[in-house]
Amino acid sequence: ETRGINYLDMAGNCLIRSEGGIFLQIKGESLPAEFKEVKHKAFNNNGIKLIYALLLQPELVNAPYRSMAEAANISSSTVGNLLEDLKASKFLYQQNESTKVLPNLPELLAQWVRAYHQKLKPKLFRGKYRFIQTQSNWRDRALHGHSYWGGEPAADLLTNYLSPGVWTIYSNDDRKMLTGYGLVPDPHQGKVEVYSPFWKGTEAPFVMDGMQTVSPLLVYADLMGTGNDRNIETAKRIYEQYLKNNIERSDG
């Protein structure tokens with residue numbers, strides 16, 4: 001409802017009235033394609049998982065679809081369309097018949113971090129917990145099975161630069177096993193946030209088993225998504241120490 005106010009939008013819809021009696025009204029036109037937000041398949045949930053695997057192992061882009069799918073924990077039938085979309089998005093280039101390259105890994109990383117926080121990570125959330133006893137000895141709590149520190153505690157373990165205020169754990173453990181880590185559910189004020197892992201690998205580069213953390217790449221993403229200055233500063237340290245050589249390599 002325009003209440004008689006003249007307007008003209010980018011799609012060509014308009015209402016133009018003048019005192020001289022000239023009247024023009026156009027409705028129902030849609031926005032031209034070049035002005036619409038492009039929704040790339042490569043940044044849907046399966047794409048986010050595939051890009052994660054490719055950022056960890058850029059050489060994987062030349063592996064068979066089945067190998068890419070296994071590494072990314074997705075169906076092999078989805079890989080072809082995702083790669084085509086990466087090509088359309090200028091993130092994948094067919095150098096010759098047998099060789100593909102990822103020509104812009106820094107921008108791919110930046111878009112992946114945004115997509116991960118907007119689309120996939122919220123779906124992985126399993127609940128908030130709190131430490132039964134003091135949180136000061138959190139480093140002494142041994143995580144087992146497919147449970148790994150992410151976010152701030154992982155950053156502290158990787159850099160010794162950040163004192164956690166929120167503890168992230170990626171785990172498929174049930175509530176009883178989580179209680180075994182000295183945690184109890186606290187959906188309102190809990191400072192321990194538990195997420196389901198979205199990858200399958202239990203070895204490098206997907207996790208740093210000796211430190212009980214997820215990959216530095218995922219720690220970086222967790223920190224960047226908080227918007228907290230100290231966390232972002234720590235994320236930059238993780239980038240320099242663990243990610244830069246892979247992301248800024250000469251052929252990527």
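How many helices and strands does the protein chain have? I counted through the chain and noted 8 helices and 12 strands, where helices (H or I, at least four residues) and strands (E, at least two) are DSSP runs numbered from the N terminus.

Before going on, I wrote down that this is a predicted model, in which local features need pLDDT of at least 70 and side-chain atom pairs count only at pLDDT 80 or more, while totals for chains, interfaces and linings use all residues. Residues are numbered from 1 along each chain as its sequence is written, and side-chain values use heavy atoms, with hydrogens and water left out.

Entry: I looked up burial next, and buried residues make up 44% of the 252 residues in the protein chain; buried means under 20% relative accessible area, exposed over 50%, and partly exposed in between, with a 1.4 Å probe and protein chains only. For contacts, meaning heavy atoms within 4.5 Å, I noted that residues 24 or more positions apart account for 61% of those with a separation of 6 or more.

**Entry: helix H5.** In helix H5 (residues 151-159), 9 of its 9 residues are buried, and among them are Glu 152 and Asp 156. These buried residues pack against strand S7 (148-150), strand S8 (167-170), S11, strand S12 (213-214), H7 and H8. After H5 comes Asn 160, whose phi is positive, near 55°.

**Entry: Ser 89.** I found Ser 89 in the loop between helix H3 (79-88) and strand S4 (93-96). Is Ser 89 buried or exposed? Ser 89 counts as buried because its relative accessibility is 13%. Its side chain reaches the backbone oxygen of Asp 85 at 2.7 Å.

Conventions
Polar contact = N/O pair within 3.5 Å; in protein donor to acceptor, adjacent residues only side chain to side chain.
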